[in-house]
Amino acid sequence: MIGISAYGVYIPRARLNKKAVADANAWFDAGLKSLGKGERAICNWDEDVITMAVEAASECLSSNQDVKLSSLYLASTTFPFLDRQNSVVVSEALNIDNQIRTMDIGASQRAATSALISLLESKAEGDSLLVASEHRRSKAGSRAEMLWGDAAASVLIGSENVIAECVGIETLAVDFVDHYRGEESSFDYDWEERWIRDEGFMKTVPAVVKKLLQSASLSTEDINHFILPTDQSRTPGVLAKKLGIDVTALVDNQISTVGVAGAAQPILLLAKALEDSNPGDHILMIGFGQGCDAILLKATDAITNYKPALNVSGALARRREENNYNKFLGFNNLIERDIGKRGEADKQTYLSGYNRRKDFLTSFLGGKCRECGTVQIPKEKYCVNPDCNALNSQDDYSFADKQGSVVTWTADRLTFDWSPPAYFGMVQFDGGGKIMMDFTEVEEGGIESGSKVSVHFRIRQFDPARGFRKYFWKAVIEEKN
Amino acid sequence: MASGIKDKVVILGMGCSKFGERWDASPSDLMVEAFEECIEDAGVQRNQIEAAWFGAGIDAFNVGASAMPLAIALRLNYIPVTKVENMCATGTEAFRGAVYAVASGACDIALALGVEKLKDTGYGGLPQRSRGLENDMYWPNLSAPGAFAQLATGYRAKHKLNKEDLKRAMAHVSVKSHANGVKNPKAHLRREITEDQAVSAPYIAEPIGLFDCCGVSDGSACAIVTTPEIAKSLGKENLVSVKALQLAVSNGTESSHESWDGSYLKTTRIASQRAYDEAGISKPKEEITMTEVHDCFSITELVTMEDLQLAEEGKGVTEVLDGNFDADGKTPCQIDGGLKCFGHPIGASGLRMIYENYLQLNGRAGDRQLSNPKMGLNHNLGGFPHQNICSISIVGPYN
C-alpha cells in the first residue's frame, strides 16, 4: 500500500494586514476594498522558496525517525535559481545523504500534484519526499497581491506507516491559458475570472473527477475532503455543487489567512485535510493548470495516532502582524529603495571558497573532537579546546537540529540590513558549540541574554549584480511556553 | 629567559597631526604634518633615520598597499620600510617594529608612523569592508558598534546589572572624555556633553548610542626612537623610555569555546599582565598613573578598566561613576580626549596614545597637563570582542 506517511508545513510568521494593502491602493482601484479583509502570509526579506521548503521538509521528516529517503522533489513556479537545482540545495540543508534522486518540477500550478502522482506511481524502494513551495511576485495594487500568499508544504510518500493511501489518480492535459508568465517577465498575465471558471474549472475538473471516481467505484458523496486550489473564492462551492460533493467537504483555500500559495497550495490544503481526517475518510485533491490532476486518497487507521510537531493550525497560529505595506513592497523589490552607501558593498560569492565550506554553510555541520569531546563550529583543523588543540580530530556534528541560548546580542542600526535593525549575537548551543550569528524574526523587546533559540536556514545576502544569493543559518527566538 | 624591552629604547621625538574631518588633507599631507613635528622634536636629520615601520589599517580608503606611500610622502632615503596592519592595534604595531629594531642593535634610529584617512567614504562611521573571504560567508554583517554592543549585553548579563545603571556609567565615560577633549587643540571633538544627552541619544546598536561611539577621524602620529645612550649623546634630557610592549591575539577560543562568556576582553587581560611583568609592575592600581585606552565605545573603556586590573571585576560601573578615571580621579584615563574625542584614525591611534603620554611625562601637555605623571599605559584593541588583537605599551621616565 503506497500513500502519504507524514506531512509538514511552513507558513511565514509575518502576516500582512490586507486592509493596509487596500488603503494604499484603493485610490487607483476602488474594487480592492472588498478584498481588504483578513491577512496574508508574506516571506520575510530572508525567505524564499528554498528556505521555506527546508522548513516544511524538516517538519515533515521530524515526526519519522526511520525514513530511508530515495528521492526529493521540489515543486514551485518561483524557484530562486533557474539553473542550479534548487531541490539539491534543500537536500543539503536537510543534511540528507547524497545518494538520492532529486528534481525540480515547475511551470504549472499543478506542478506539485503532478510530482505527487509521479512519486505515487514510482516503483522505487524507500520513501520519497515531495516539497512544494511558492513565493509569487505580483504587481503593486493587483488583485493577486490581495489573494496570494507565501507558504510551503511537504509530504512523505512511502509504503510504511501510511496515514492516507492512494486510491486513484487521473490527469487531463489541456493547454488552457488562464494565465502565464513568459521568460522575459517577472509577473503573471491573466484572463477574466468568469471565463476561467466557466471554461476552465467547470469543464475540466468534472470530467477528470467523474472518471476517477468511476475507476475507484466511488461516488461524489463518498468524498469527505475536497481540495480545489484556486484564488477564486466562489468557484470551489459552485463546482462542489455541480459535482454533488457536500459543501462541508470543501477544504478552505485560506484566502483571508494565508493567501493562495500557488503550486504549494494543493499540498498545503492536503496537510489541512489530513489534520482534519478520520480513518476511512476520502480526500479528493485537484491540481489545476494546463489541464487537471486529480488524486484520491483514503485515510488509514494510522492517522489517529499521527501527531506532527506543527500542523496547519499550529503554523497559522504562529504569526506576527505586519501592517506596513511598504515593507512588503521593499522585501519583494517592488519599489526601488534607497539602501544607503553601506548597502552598495560588493556581495560577490567566491564559488570555489563557498564550495569548500558547504558542509558548514548549507548543512550547518560543525565538529566534535574525538580526543576531548569538545563540540565546536565552525570545524577547523585544530580542536578549539585550549587544553586539547588536537589535529584533524573532529567528526561531523550537526547543529541544524540543536537549540541554544543567547549569550550576547545587539540590534545594529548602522550596518546595512534589508529590515533594520540587524539583530545578531553569540549563541551557545545546548550540548556544546558556540557561534556569533544573525537572528531573524526578532520582535522589538523580544530578545535577551538567556533567550532560547532554534536555528533556521535563511538568505544571508543578495548579490543583485550577479543574480546570486547566499544562504546560511540564523537563530530564531523560541516562543515561551 | 628573555629580559624584555624595559628601558632598552627611548623616544627621541614624537609628532601628531590635528585629528578630525580633514577634508583639506590627503594621507600624505597628514603624514608630513606628524613627521615635521616629530623630526623637529627629535632634533635629527631625515637621513639619520635608518629604518621605518609604517602602519595603516584600512587600505581601500587609505594609502594603498605596501610601505611605499610612507617612503614617497616623506622622501625617505631608500631605507628599509615595513608596512604593518593589525586592525586598531596597527599604530602600536608600527611602534613595536621600530622599538624592536633599535633594541636588537640592527639600527640606531628608527621611525614609526601611523596614518588613516577615513573620511573619503561619503558616509559616517567606519568604512564598510570585507572581513575576508571565509568570514564574509557567514559572519553577521556587523558594524563596529554592533560588535561592541555585544560586550555590553554580555557584561550586563554576567554581572546582572540593570540597563539603566550600565547606560549611565557608559554615559559618564563619554562625558569625561568630552570634557578632556575640550582642552586639546588637536582633538577632533571639542565640546562638552551632559550625561542626559549621552543617555538619551538614539541607539546606533543597542545599547550603544551616538555618544557612546568614538570619532571616526583622519590623522597621523609618529615617533622616532633610539637607544638611551644615543639620546643622551644628542643632548636629550628627561628621557621617556619604553617599559613594556605586548601583544595578545585571539586564537578563536573566545569565538568558539564556551570558556568565554562575552563579558570581558580575554586578550586585554593576557597582554596587560604580560606588560606589567615586563615593566616590573606588581600593583597596577598604584603604579600606573595615567592611561590611554581603546575607548572605541564607552563600554569598551569601562570593561577595559577591569581587564587592566585598574577596577575590580564587576565593579566597573561603580568605579566609573565614582570618577576614578576622570581628569581629577585616581587614574586619569583619556586625558587627551581619547578615541572618543581626540579621534580614531585607526593606524595612528596607538602612536597618538604614546604621544599623549610622552607629552605628559615631559610636562608639555598644556591645559590638560597632569600634576605628577609617572607611568603611562596605552591600550589598543583591534577587531571585535570575540576575536581581536590587544596591544599594550607602557612608557615612563628613563632612570
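Two residues are in contact if their C-beta atoms, placed from the backbone, lie within 7 Å. In this predicted model, residues 24 or more positions apart account for 78% of the contacts in chain B with a separation of 6 or more. For chain A the corresponding share, again among contacts with a separation of 6 or more, is 72%.

## The two chains

Chain A comprises twelve helices and 22 strands, whereas the secondary structure of chain B consists of 15 helices and eleven strands. The radius of gyration of chain B is 20 Å, close to the 21 Å that the globule rule gives for 399 residues, so chain B is as compact as a globular protein of that length.

| Chain | Span along principal axes | Buried residues |
|---|---|---|
| Chain A | roughly 75 × 55 × 40 Å | 50% of 481 residues |
| Chain B | about 60 × 45 × 45 Å | 62% of 399 residues |

## Domains of chain A

Chain A is divided into domain 1, which covers 3–180 + 190–306 + 314–331, and domain 2, which covers 347–364 + 399–477. Taken over C-alpha atoms, the centres of domain 1 of chain A and domain 2 of chain A are separated by 29 Å. The contact between these domains takes 17 residues from domain 1 of chain A and 15 residues from domain 2 of chain A. On the side of domain 1 that touches domain 2, helix H2 (49–62) and helix H3 (86–93) of chain A each supply at least two residues, and H2(A) gives the most, with four residues. By class, this side of domain 1 of chain A divides into seven nonpolar, three polar and seven charged residues.

## Contact between the chains

Where chain A meets chain B, the contact takes 38 residues from chain A and 32 residues from chain B. Several elements of chain A each supply at least two residues of the side that touches chain B, namely helix H11 (351–356), strand S18 (403–412), strand S19 (422–429), strand S20 (434–438) and strand S22 (468–477). The largest share of this side of chain A, six residues, comes from S18(A). In its composition, the side of chain A that touches chain B has 18 nonpolar, eleven polar and nine charged residues.

Conventions:
Residues are numbered from 1 along each chain as its sequence is written. Chains are lettered from A and ligands numbered from 1 in the order in which they are written. This is a predicted model: local features need pLDDT of at least 70, side-chain atom pairs count only at pLDDT 80 or more; totals for chains, interfaces and linings use all residues. Ala, Val, Leu, Ile, Met, Phe, Trp, Tyr, Cys and Pro count as nonpolar, Asp, Glu, Lys and Arg as charged, and the others, Gly among them, as polar. The radius of gyration is taken over C-alpha atoms; the globule rule is 2.2 Å times the number of residues to the power 0.38. A residue is buried if 20 or more other C-beta atoms lie within 10 Å of its own, exposed if 12 or fewer, and partly exposed in between; C-beta atoms are placed from the backbone. Domain bounds come from an automatic or database domain assignment.
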